[in-house]
Amino acid sequence: MRQQLWLGVRWWVVGGTVLALAGAVLLARQSLDEQRALFETDARIVHRLLSQQVVQHDAILATLALLQPAPQGTASASPEQRLPALYPQILAVQRRDPGQAWADPQLARAEAASHARRHAMLGNADLAQGRYQLVLSASPTSYALDLDLRALVPWSEWPMQPQNSPVRVVLEHVGARHVIQPGNSEPGTGGAGWRWEARKALASESQPFDVINTLSVGAGELPWLRMLAWVLAVAALLTALHHLQRQRVARQRAEELLRLGQVARLNTLGELAAGMAHELNQPLTAVLANTQAAQRLLDDEPPELGTARGAMAQAAAQARRAAEVVGRLRRAVERPDAGGALRPVSLNETVRRALHLLEPECQRRDISPALQGTETVTVLADAVALDQIVHNLIFNALQALEQVPAAQRSLILTIGTRDGRGALTVADSGPGIAPEVLPRLFEPFFSTRQGGLGLGLSLCETLANGMGGTLAAANRTHGGAVFTLQLPLGGNTT
């Protein structure tokens, strides 16, 4: 019984745990998906903004190449001199006029590559210091821009707060990196959590930088409050459902006990009436016989005895009437013949149903009934009568176990077949049955309990006999009593 109760509670706990964990995982997954979607959106915006900046450098060089400087000796200022004031990322503009050479050999090599490929090329690139040079070969004058990566970023349009954002943004070129936004994801670091990276080359053939966005999300950034709220909600819901189920089970148990009680009272009334009829029938028969004898004696006396004969005749008639009334009472309250209501009934299910109804009584007495037997036994019986017999046998055993210490209480129910019949034994570790009581145990009105009617076991035996079965009682070898109910088999038994 306790094992079944524990199994029921365990399934509630397991089901609630699975539901709570599944909901928490879904909430965490949703939060991660939202963070990743926002990260990818920000990464696309960053790539677009930086690409616009570097493409602008190509356009500036192309414009300078088209304008070309004024001939030497003219008073007009070169246009490149005004560029650093207009573009903060341009630190300086260098030019190589015809017949001159670059001071830096790297610029000369970049100009040669630019001439061959017909677009600007990188000169010196020091990403660690945040600077690089861009060279465009043109005729007659070639140009080079000294650029500052730190001033390259259009912060007014930046999609993130650079000081607080967890996203790390870097520019990379041939292994060298320039950190634009530090974020919280150092390169090469591992650890628990989730890490996403978005890498894409800038939209400029002359400035082949990869912009890399990375984001690391740790367990501490999951929506723990929402997850905890979900778990608590599931716990509250399951607690309420469990409470409602227990109320429903208790209500069903109470209704079943009420039904059994009503049937028991009717059957007990029948047994009581049968006992009363049996007890009253003998004295009434004696009265009738004596009255008839007196009537015959009075018939032998001739003088004035008509009144006496009439009175004695009325007494005899009343005695017959009393006997008929008692007979009608017995016929009215006696339990009908159960033979017509017999049908195949599962003995196993009947026992489980009785244990379920008596579960509170078992818990109150700290008793865990043990159900033994692997067979599924089907007997030919009246389902209601069988319920009443099994219920009474188990309840009597529980009452007997109250007389021994809790540590010594045991109740074993065994289902099987015996001599070609279905059998149920109810064995307890109580005080047993006294030898002088055992022969009279099934007599009506005989009880060893104070205040008992002595009809319970008598009624059980009557019901068992009415279904073609037997009910027997004996003492166990090691103490306690055992009751054996046998009924005809009523179907397949496995």
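I began with sequence separation: of the contacts (heavy atoms within 4.5 Å) with a separation of 6 or more, 68% are between residues 24 or more positions apart.

I noted the conventions next. The model is predicted, so local features need pLDDT of at least 70 and side-chain atom pairs count only at pLDDT 80 or more, while totals for chains, interfaces and linings use all residues. Residues are numbered from 1 along each chain as its sequence is written, and side-chain values use heavy atoms, with hydrogens and water left out.

I looked up confidence. The mean pLDDT (the predictor's confidence in each residue, from 0 to 100) of the chain is 82, and 74% of its residues reach 70 or more. Over residues 1-7 pLDDT stays under 50, and the model has eight contacts beyond four places in sequence for them. Residues 335-339 also have pLDDT below 50, with seven contacts beyond near neighbours in sequence.

I then took the chain totals. I found nine helices and 15 strands, taken as DSSP runs numbered from the N terminus (helices H or I, at least four residues; strands E, at least two). Of the 494 residues, 39% are buried, meaning under 20% relative accessible area, against over 50% for exposed and partly exposed in between (1.4 Å probe, protein chains only). The accessible surface is about 27,400 Å², computed by the Shrake-Rupley method with a 1.4 Å probe; for residues, only the protein chains shown count as cover. Carbon and sulfur atoms hold 56% of that surface.

I turned to strand E8 (residues 210-217), where seven of eight residues are buried. Strands count as paired if DSSP finds at least two bridges between them. E5 (residues 168-173) runs antiparallel to E8 with five bridges, and Glu-172 stands opposite Asp-210. E7 (residues 194-201) is also antiparallel to E8, over eight bridges; there Ala-198 has Asn-213 as its bridge partner.

I checked a hairpin. E2 (residues 121-126) and E3 (residues 131-136) pair antiparallel over four bridges, one partner pair being Met-121 and Val-135. Four residues lie between the strands, and Gly-130 in the turn has a positive phi of about 80°.

In H9 (residues 456-466) the buried residues include Leu-457, Cys-460 and Leu-463. Gly-468 follows H9 and has a positive phi, near 80°. Trp-11 is in H1 (residues 2-67) and is exposed, at a relative accessible area of 61%.
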